[in-house]
Amino acid sequence: MEGEEEKKWMKSYLLPEFIIERNEDRCIKCKVCERQCAFETHRYDEELDRMFSNEESCVGCQRCAVFCPTNALTVKPNQSAYRPNYSWTGERISDLTKQAETGAVLLTGSGNDRPYPIYWEHLLLNASQVTNPSIDPLREPMELRTFLGRKPDMLEAELMDDGEVRISTEMPPNVMVKTPILFSALSYGAISYQAFKSLAMAASEYGTLFNTGEGGLPKDLRKEYGKNAIVQCASGRFGVDLEYLNCSAAVEIKIGQGAKPGIGGHLPGEKVSCLIAETRMIPAGTDALSPAPQHDIYSIEDLSALIYALKEATNYEKPVSVKIAAVHNSAAIASGMVRAGADIIALDGLRGGTGAAPKMIRDNVGIPIELAISSVDERLREEGIRNRCSILAAGGMRCSADVVKAIALGADAVYIGTAALIAMGCTLCQKCYTGKCNWGICTQDPYLAKRINPDIASRRLTNLLRAWSMEIKEMLGGMGINAIESLRGNRDHLRGVGLQEWELEVLGVKGAGE
């Protein structure tokens, strides 16, 4: 509030981030742009019979340009620049200016957009040629099914009198997905009910899983979509009860996330509607605060106690996952988590998305997911416990090739969050925290939220899963592999280009040409 008061009397020195060009010859003054923008960027003047735009409030989401019936609008970055300075870039100056005018922490949404190395771009896949022929996925079966959960150290089998072989080893609970692509944790409250339901519908239709995030699972969705849900038990314990845990396919303990390692979450009270309040089991209109730590977890032993409490609550019928941010000592942490009883390790990397995070945290804390996958997989293999858990990788999966490379590095499957939001319409304007998402995704405003039609959005999501799965089969076939299981952790199928020696060593891959 103090920052808002400051703004009332202090002239802003900020330059507009975007320039709006309106072709007056094409503009028919239909006011579509005015209705579509929740940031009140466009305004119709009745006296002048003309549309005007306030560029200072434009966030560059492109909603107005997409829905303009005559294509009269062009929104583009403002080319006005401060004097070039390698240390003090235009963004640094703008950020500092905002803080000088508001005295507030800089907030942002989406994932890290800093120019850190994207290792996917420096890893190349192998291909079969003469001695190991490739496989045509259109003519031969390709297996993408993935089983998530703990696997036994060995299988004991008995030969029966009728000649059949019966496996006598008791199998730990596993959950099967038809493709190694899951929807990441996107909580109801951070995103709209319509967007949340779209993810649930798409996961159910395609045979994969969606993650409820820390906001619980609305009761009207549990019966139909619970079987495709990974339900979270986070530090706030929002929405956690026996019904919630047992309607799911798996349970996930959230310790941290890639976009904001080491800090908690905050859903403002104005976003806590009656349905969100019912789902999260808190009073309507009150702030939903998630502490940075889980206050009953201060050691691996404490984590183990919670893991087995959740297993008891679900009658040992569901795998329990533990989600951590990818940080410097992820490998050692993951080893302890597996020994504590975790069936799945979820790693969320530096480029993982969020609805709201302090910009300094998002941009400067954590490590890239590629390095975390390889180091965790290698550590668990060295200790002989890799079979005791599955690895889910998240934070920066942009295409099917990234998925294949992640699995070759050691992941069992991947989470996609930002990619799923883009499929529904998100344009990464990074203003999720304002609650004014013009695409109806990160908002609780009923007028905006109804812009998402779950039937259409879920179809877009299943189309994405189908397209990526087909491309994965093509890449597997090109490598002469007919099952995703054969690629898992097989880094011989990867080669690095443009990487330093230490990066190749951490990734566990050879340089191209070796």
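1. Ser335 lies in helix α10, which covers residues 330-339; helices here are DSSP runs of H or I with at least four residues, strands are runs of E with at least two, and both are numbered from the N terminus. With a relative accessibility of 5%, Ser335 counts as buried, where buried means under 20% relative accessible area, exposed over 50% and partly exposed in between (1.4 Å probe, protein chains only). Leaving aside residues up to four places away in sequence, Ser335 touches Arg379, Leu380, Glu383 and Ile385; a contact requires heavy atoms within 4.5 Å.

2. The model is predicted: local features need pLDDT of at least 70, and side-chain atom pairs count only at pLDDT 80 or more, whereas totals for chains, interfaces and linings use all residues. Residues are numbered from 1 along each chain as its sequence is written, and side-chain values use heavy atoms, with hydrogens and water left out.

3. A barrel is closed by eight strands in the order β11-β12-β13-β14-β17-β18-β20-β21, with parallel pairing; two strands are taken to pair if DSSP finds at least two bridges between them. Within this arrangement, β18 (residues 344-348) and β20 (residues 390-394) are joined in the parallel sense by five bridges. Ile345 has Ile391 of β20 as its bridge partner. Strands of a sheet pair through backbone hydrogen bonds, either parallel or antiparallel.

4. The chain is divided into domain 1 (18-104) and domain 2 (180-264 + 302-420 + 459-511), with bounds that come from an automatic or database domain assignment. The centres of the two domains, taken over C-alpha atoms, are 36 Å apart.

5. In secondary structure, the chain has 17 helices and 23 strands. The radius of gyration of the chain is 24 Å, close to the 24 Å given by the globule rule for 514 residues, so the chain is as compact as a globular protein of that length. This radius is taken over C-alpha atoms, and the rule is 2.2 Å times the number of residues to the power 0.38. The C-alpha trace spans about 95 × 55 × 45 Å along its principal axes.

6. Of the 514 residues in the chain, 52% are buried. The accessible surface of the chain is about 24,400 Å², and carbon and sulfur atoms account for 52% of this surface; areas follow the Shrake-Rupley method with a 1.4 Å probe, and for residues only the protein chains shown count as cover. Among contacts between residues at least 6 apart in sequence, 70% join residues at least 24 apart.

7. Two residues other than glycine deserve a backbone check. Glu40 has a positive phi of about 55° and is placed in the loop between α2 (32-36) and β2 (42-45); its relative accessibility of 65% makes Glu40 exposed. Asp49 has a positive phi near 50° and is placed in the loop between β2 and β3 (50-53). Asp49 counts as partly exposed, at 39% relative accessibility.

8. How many disulfides does a search of the whole structure find? The search finds zero, a disulfide being a pair of cysteine sulfur atoms within 2.5 Å. For Cys30, which is in no disulfide, the nearest cysteine sulfur is that of Cys68, 6.0 Å away; Cys30 is partly exposed, with a relative accessible area of 29%. Cys58 is likewise in no disulfide, and its nearest cysteine sulfur, that of Cys64, is 6.2 Å away. Cys58 is buried, at a relative accessible area of 11%.
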